[in-house]
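Me: I've got a structure open and want to talk it through. Can you take my questions as they come?

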Amino acid sequence: MTAVTPAPPSTAVDPAPVSAVPPSRPGGRPRLRTAAGFAFGAALLFAVAPLVLSDFRLSLLAKYLCVAMVAVGIGIAWGRGGMLTLGQGVFFGLGGYAMAMHLKLADAGPAGMPDFMQLYGQLDELPLWWRPFASPWFALPATVLLPMAVAFGLGSLVFRRRVRGAYFAILSQALAAAMVILLIGQQGTTGGTNGLTDIKGFFGYDLDDPVNQRMVYFIIAGTLLALLALARQLIHSRYGELLVAVRDGEERVRFLGYDPASVKLVAYVVAAGMAGLAGALFVPAVGIISPALIGIVPSIEFVIGVAVGGRATLLGPVLGAVAVAWARTALSERFPGTWTYLQGLLFVVVVAFLPGGLASLWALARRRDGSAAPARRGWSPLARRRAARRTEVPAA
Amino acid sequence: MTVLFGQLFTGISIGAVLLLIALGLALTFGQMNVINMAHGEFIMAGAYTTYVLQQSITGAGLSLVVALPVAFVVAGTMGALLEVLLIRRLYARPLDTLLVTWGVSLMLQQLARDVFGSPNVQTRAPELLTGNVALPGGLTIANNRLFILGLALAAVAALTLALRLTPLGRRIRAVVQNRDLAAVSGIATSRVDRTTFFVGSGLAGLAGVALTLLGPIGPTMGTNLIIDAFLVVVVGGIGQLKGSVIVAFALGVLQATGEYLTTLSVAKVIVFVAIVAFLQWRPQGMFTLRTRSLA
């Protein structure tokens with residue numbers, strides 16, 4: 001007779017779901033995985049892409065990577081922080097215009113003026129607010145600091161008064177509208193609808209030269225990787241946890257003694273800085289910055305890539321943004337009308353029925369393997385942290 | 001003095017257009033806390049309805065009169081369809097609704113481009129509305145502006161009366177004030193939502209008819225209007241109409257004055273700054289509905 005031996009207590013008392021989900025916990029192996037991931041990404045961007053792609057395709061990729069930088073910022077502000085910002089074009093534009101103004105002045109030479117000013121403005125001398133941009137020591141920091149300052153100004157006013165949710169989204173969109181109208185209205189000093197075009201040089205290098213275009217691509221790829229590393233550190237820091245907590249329960253965080261307004265402000269300002277940097281690098285890659293690139297419509301299009309890839313993940317926004325931008329070029333070359341329908345459909349289908357983006361499909365597939373227990377969103381900090389890492393989307 | 005009154009009337013007529021657009025939004029946003037970005041495309045639908053009707057009804061005045069109810073029903077039906085198919089599935093996620101309806105608006109714009117072509121089209125205004133009214137003191141007021149002002153005020157009056165007096169209005173107010181309690185009291189909230197969406201979108205259709213008097217009709221006409229209208233609702237405070245009415249005219253006058261003193265582009269920035277400053281003072285908008293609901 002064989003007695004049914006009870007399982008030894010050590011296994012019977014399962015230490016709960018905590019140990020059930022090792023892959024996403026910080027520690028030795030994930031860190032290694034992250035490093036490997038970065039190495040893989042770097043190899044892809046720096047070795048494979050330049051070898052495989054033609055010069056034309058590579059410069060297109062450079063443009064997409066700029067959009068991806070904006071997406072990283074939106075991923076932090078919207079995906080992790082719950083702030084749907086529909087005005088990232090403003091910050092992209094501020095960075096882009098700051099850079100373009102400097103490059104135009106550098107093209108024109110020490111005593112010259114940008115060509116369009118005589119054309120539209122009939123100005124005899126450079127407007128006062130253009131002058132500091134002649135110096136790279138002012139212009140380059142300004143590409144990042146100017147957007148951050150604007151975001152700080154708006155954010156500190158708005159978040160402190162607890163304007164949030166849809167209200168904040170509308171305000172950020174109105175900012176984009178106001179900025180575009182201002183740029184177009186001040187044609188004499190901003191280039192109006194045309195924007196700042198025909199940029200030839202980049203710190204002494206001729207931008208028409210394919211070799212220099214390639215260099216610009218490498219700078220952009222390197223910057224994107226650096227921003228991703230920054231975003232990863234931010235997400236996995238204590239601050240990152242707090243940001244997600246504010247997203248999911250702002251009042252609770254306030255009762256715990258934190259100030260949600262400043263938590264949100266940091267994420268918004270960081271996102272603005274990233275968008276500004278993206279705009280600044282977009283200018284040498286594409287050679288133009290104009291109101292049409294930063295208005296309401298492009299601002300909201302930045303968001304769709306993030307939604308498609310998976311808003312709350314690290315890589316999702318980047319991959320989504322590149323994929324959407326690539327699909328746009330590929331399709332709108334041949335069927336311009338079809339692309340608009342498809343884009344609309346993408347918004348509807350992804351946001352309504354797959355709010356976690358494509359990343360959630362990935363997580364779903366992995367869960368089906370049975371290797372991991374289903375995510376449980378509990379009240380405990382650990383459970384919530386785990387849930388957050390799993391790209392779950394808040395009930396906004 | 002004449003200049004002052006002239007500017008004041010310009011402001012009021014800008015405000016009337018804003019009000020007409022924002023009225024429907026105030027209804028849908030107020031009741032369901034849902035931002036419908038496709039509202040601008042319902043305006044466009046109303047405008048194209050006028051255009052289509054004018055192809056078959058030759059008299060410009062008659063076609064305008066016919067267009068008002070038809071556009072209301074066309075836009076309202078589109079709104080009710082949108083509510084049934086998409087928005088009701090997303091009530092707990094207002095930000096996502098915003099993005100989804102933006103996608104819908106993109107598709108509707110492209111649809112308009114495919115059906116009517118991308119160039120703008122024009123309607124003929126009835127002769128009665130093309131002239132000016134001369135006021136004492138050398139002031140003239142364009143008839144079409146006066147018509148729009150009248151239409152906006154009539155719409156406000158009709159909506160206010162409907163909300164106060166009809167059974168449907170009572171149900172709508174109940175749902176706005178406390179959705180759960182309304183549901184518990186036997187109101188079919190989802191049916192009320194659908195009707196509200198029909199009426200709100202129908203009002204957008206009316207706005208579209210009015211806009212044909214002011215300018216050309218194009219596929220993207222909605223996008224440019226919608227943000228100002230949302231600002232009106234946000235600043236006015238949701239859940240009631242009087243805030244939107246006051247704010248629409250206030251913003252109109254501010255815009256006109258700013259435009260007169262500086263330029264159009266600077267005026268827009270002034271309006272934006274004024275709105276942010278106002279929200280510092282009253283973040284919930286000008287009037288808030290006092291309810292006992294916890295939300």
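Me: How much of chain A is buried?
Reply: Of its 396 residues, 45% count as buried, that is, with 20 or more other C-beta atoms within 10 Å of their own, the C-beta atoms being placed from the backbone. Keep in mind that this is a predicted model: local features need pLDDT of at least 70, side-chain atom pairs count only at pLDDT 80 or more, and totals for chains, interfaces and linings use all residues. Residues are numbered from 1 along each chain as its sequence is written, and chains are lettered from A and ligands numbered from 1 in the order in which they are written.

Me: What does the secondary structure of chain A come to?
Reply: 17 helices and two strands. Those are DSSP runs numbered from the N terminus, H or I of at least four residues for helices and E of at least two for strands.

Me: OK, how confident is the predictor in chain A?
Reply: The average pLDDT is 82, and 84% of the residues score at least 70; pLDDT is the predictor's confidence in each residue, from 0 to 100.

Me: Where is confidence lowest, and where highest?
Reply: Helix α1 (residues 9–12) of chain A is lowest with a mean of 40, while helix α12 (residues 260–286) of chain A is highest at 95. Where pLDDT is low, the predicted coordinates should not be read in detail.

Me: Switching topic: how many residues of chain A are in contact with chain B?
Reply: 40, and they meet 36 residues of chain B. Contact is C-beta atoms, placed from the backbone, within 7 Å.

Me: Which element gives the largest share of that side of chain A?
Reply: α7(A), with 13 residues. By class, the side of chain A that touches chain B has 30 nonpolar, eight polar and two charged residues. Nonpolar covers Ala, Val, Leu, Ile, Met, Phe, Trp, Tyr, Cys and Pro, charged covers Asp, Glu, Lys and Arg, and the others, Gly among them, are polar.

Me: And in chain B, at what angle do α5(B) and α8(B) pack?
Reply: About 170°, with the axes 10 Å apart. α5(B) and α8(B) are therefore roughly antiparallel, the word for angles over 145 degrees. Axes are lines fitted to C-alpha atoms over the stretch in contact, and angles run from 0 to 180 degrees between N-to-C directions.

Me: Which residues meet there?
Reply: B:Ile148, B:Leu151 and B:Ala155 in α5(B) meet B:Leu203, B:Leu206 and B:Ala210 in α8(B). That contact has six nonpolar, no polar and no charged residues.

Notes:
Buried ≥ 20, exposed ≤ 12 C-beta atoms within 10 Å, placed from the backbone. Contact = placed C-beta atoms within 7 Å. Parallel < 35°, antiparallel > 145°, perpendicular 65-115°, else oblique.
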